[in-house]
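Subject: Structure handover and findings

Hello,

Here is the structure we discussed. Please load it first, then read the notes below.

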Amino acid sequence: MSEVCETTGGFNDRNLPYHVPETTPEVLDDDQKEALYDRIAKLLKEKDAALVAHYYVDADLQILAERTGGYVSDSLDMARFGNESDASTLVVAGVRFMGETAKILNPEKTILMPDLDANCSLDLGCEAEAFGKFCDEHSDRTVVVYANTSAAVKARADWMVTSGSAVDVIKHLHDKGEKILWAPDKYLGDYVQQQTGVDMLIWDGSCIVHESFKGTELEAMKKARPESKILVHPESPPSVIALADFVGSTTGLINYAKESDAKEFIVATDRGIFHKMQQAAPGKVFLEAPTAGNSATCQSCSHCPWMAMNSLTKLAECLEEGTNEVFVEDDIREKAVKSITRLLDFSKAQGHVIYGANDA
Ligand code: 13P
Ligand code: SF4
C-alpha cells in the first residue's frame, strides 16, 4: 500500500521542464477552521459569489462549497454550474485551466482563484506556441485537446474533450473520415486509441500524479485483496489501466463506487476524491493505489501539488481583496469557446451525460 506523505514533493527529481511546487497543507485547529468558514461564508454573500470546487481539493474546501450553496464536481461540470449560477462572481478552487474555462464560458462574470499559480503538468507541458507549430506541421489532422490545457491551446483546437467524452468524440470524427492530432496526455491518448483503433498522432504530455501509479505494485496489492475492485483514471499508465475493473473520469469513478456491489476499492486517481467517494458510498473502503514500492523512482505521491495550493486562508484573502482574478484575452476566448461548445453540443445531441450527476 502507498505511504501517505502530506507534503507533495519529489516531482522535481524527474528533470521536468517546469518547476513543481512542494506544497504543505494548511494546518488549522477546529476553532480556526470554523472562524474561516464563517468569514468566507459572509464574504461570499457580501460579494454575490459562489464557491465551485474540484473533487481533488482539500476536503475542507469541498465541505465549505456545499455548505454555502456552491458546488463540488469535475472540471466541466464546475463550468456548467458556473454558467447556471446567478452569482456574479465565481471562486474556483481547483487549477488554472478550470478558472479559464469558467471565464471562457462566463465572460460577464468575475472569476477568482485562491492561487493563480495552481497549474497542471498537462497544461504546462503543452505550451501554446510549440503546440501551434505541431498543428501547422500536421494540418491535415483534426485537432482534439483535453480539457487540461490553456485557453490559448483550446483556441488552436477544433474540439475540446474530457476523459468521459473522448472515446465517443474520436469515434464520431473517425466515422467522418478524419485523422486526429491529440494533445496533451499521451496515456489518455493511448487509451482512446486502443478503444477506438483510430489514427491518432499524440503529443508527449502526462499528468505527473497519475503517471506515478505503479502497475507491478498494484498487481501485488490486488492479489493481497482479491475482493477489492480497481478504479482507474485514464491519465494513468497502460500497466495500471490494464488492471482496472473500471476506467473513467472523476465523476465516473465516484458513480461506479456508489453503484457497485463491492465493498472495497483501490483507487488510482488523486486522493482528494476520497471525500466525495465516502459521501457517495458510505461504509465502503477506499484505498490509494500504490505510488511507491520497488518500481517507484523517488517519493511519488497521489496528491496533485497544484490542487494542494488551494487553502481556506488564500480563499478568504482573494475574496476579501478581490485579487487573483482570471482574465482571458477576447480573441483567444472567442476561438476557445468554439472548441468547448462543440463538445457541449455533441454530447447534448447524443443524449450523453457529460456532466456529473453529483447527487452524492
Ligand atoms: P476531471 O476533468 O475529471 O475533473 O479531471 C481533471 C483532472 O485534472 C484529472 O487529473
Ligand atoms: Fe493536472 Fe494531474 Fe493535477 Fe489533474 S492531477 S490537475 S491532470 S497535474
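What covers the buried residues of α2? The cover includes α1 (30-46), β1 (49-54), β2 (71-73), β3 (89-93), α13 (274-280) and α14 (312-321). Bear in mind throughout that this is a predicted model. Helix α2 itself spans residues 59-67, and its buried residues are Asp-60, Leu-61, Gln-62, Leu-64 and Ala-65. Gly-69 follows α2 and has a positive phi, near 80°.

Core

The largest nonpolar core has 107 residues. Val-52, Val-91, Val-92, Val-144 and Leu-231 touch the most other members. Take Val-91. Beyond four places in sequence, Val-91 touches Ala-49, Leu-51, Val-52, Leu-112, Leu-315, Cys-318 and Leu-319. As background, nonpolar side chains tend to be buried together in soluble globular proteins.

Helix α3 (75-84) is largely enclosed by the rest of the structure, because 7 of its 10 residues are buried. Those buried residues are Ser-75, Leu-76, Asp-77, Met-78, Ala-79, Phe-81 and Gly-82. They pack against β1, β2, β3, α4 and α12.

Helix α12 (residues 250-259) is also largely enclosed, since 7 of its 10 residues are buried. The buried residues of α12 are Thr-250, Thr-251, Leu-253, Ile-254, Asn-255, Tyr-256 and Ala-257. Their cover includes β2, α3, β9 (229-232), β10 (246-247), β11 (264-268) and α13.

A helix crossing

How do α4 and α15 lie relative to each other? The axes of α4 (residues 96-105) and α15 (residues 330-350) come within 9 Å and cross at roughly 95°. The two helices are therefore roughly perpendicular to each other. On the α4 side, the contact is made by Thr-101, Ile-104 and Leu-105. On the α15 side, Arg-333, Ala-336, Val-337 and Ile-340 meet them. By class, the residues of this contact are 5 nonpolar, 1 polar and 1 charged.

Ligands

Ligand 1 is surrounded by Asp-74, Ser-75, Ala-147, Asn-148, Thr-162, Ser-163, Cys-207, Glu-235, Ser-249 and Thr-250. That shell divides into 2 nonpolar, 6 polar and 2 charged residues. Ser-75 is also one of the buried residues of α3, and Thr-250 is one of those of α12.

Ligand 2 has 14 residues around it. Cys-120, Ser-121, Cys-207, Val-209 and Cys-304 come nearest. This shell has 9 nonpolar, 3 polar and 2 charged residues.

Cys-120 deserves a separate look. It is found in the loop between β4 (110-112) and α5. Is Cys-120 buried or exposed? Cys-120 is buried, with 26 other C-beta atoms within 10 Å. Leaving aside neighbours within four places in sequence, Cys-120 is in contact with Val-95, Arg-96, Phe-97, Asn-148 and Trp-306. Cys-120 and Cys-207 are 87 residues apart in sequence, yet their C-alpha atoms are 7.6 Å apart.

Backbone points to check

Most residues other than glycine have a negative phi, and most peptide bonds are trans. Here are the cases to look at.

- Asp-48 has a positive phi of about 55° and is not a glycine. Asp-48 is found in the loop between α1 and β1. It counts as exposed because it has 11 C-beta neighbours inside 10 Å.
- Asn-324 also has a positive phi, near 60°, and is a residue other than glycine. Its place is in the loop between α14 and α15. With 21 C-beta neighbours inside 10 Å, Asn-324 counts as buried.
- Ala-183 and Pro-184 are joined by a cis peptide bond, with omega about -10°. Pro-184 is found in the loop between β7 (180-183) and α9 (186-196).

Pro-184 leads on to Gly-125. Beyond its neighbours within four places in sequence, Gly-125 is in contact with Pro-184 and Gly-205. Gly-125 sits in the loop between α5 (121-124) and α6 (128-137). It counts as buried, with 24 C-beta neighbours inside 10 Å. Gly-125 and Ala-49 are 76 residues apart in sequence and 32 Å apart in space, C-alpha to C-alpha.

Best regards

Definitions and conventions:
Residues numbered from 1 in each chain as written. Chains lettered and ligands numbered in written order. Predicted model: local features only at pLDDT ≥ 70, side-chain atom pairs only at ≥ 80, totals over all residues. Core = buried A, V, L, I, M, F, W, Y, C linked by C-beta atoms within 7 Å. Buried ≥ 20, exposed ≤ 12 C-beta atoms within 10 Å, placed from the backbone. Contact = placed C-beta atoms within 7 Å. Near = placed C-beta within 6 Å. Nonpolar A, V, L, I, M, F, W, Y, C, P; charged D, E, K, R; others polar. Helix = DSSP H or I, 4+ residues; strand = E, 2+ residues; numbered from the N terminus. Axes fitted to C-alpha atoms, helices over the stretch in contact; angles between N-to-C directions. Parallel < 35°, antiparallel > 145°, perpendicular 65-115°, else oblique.
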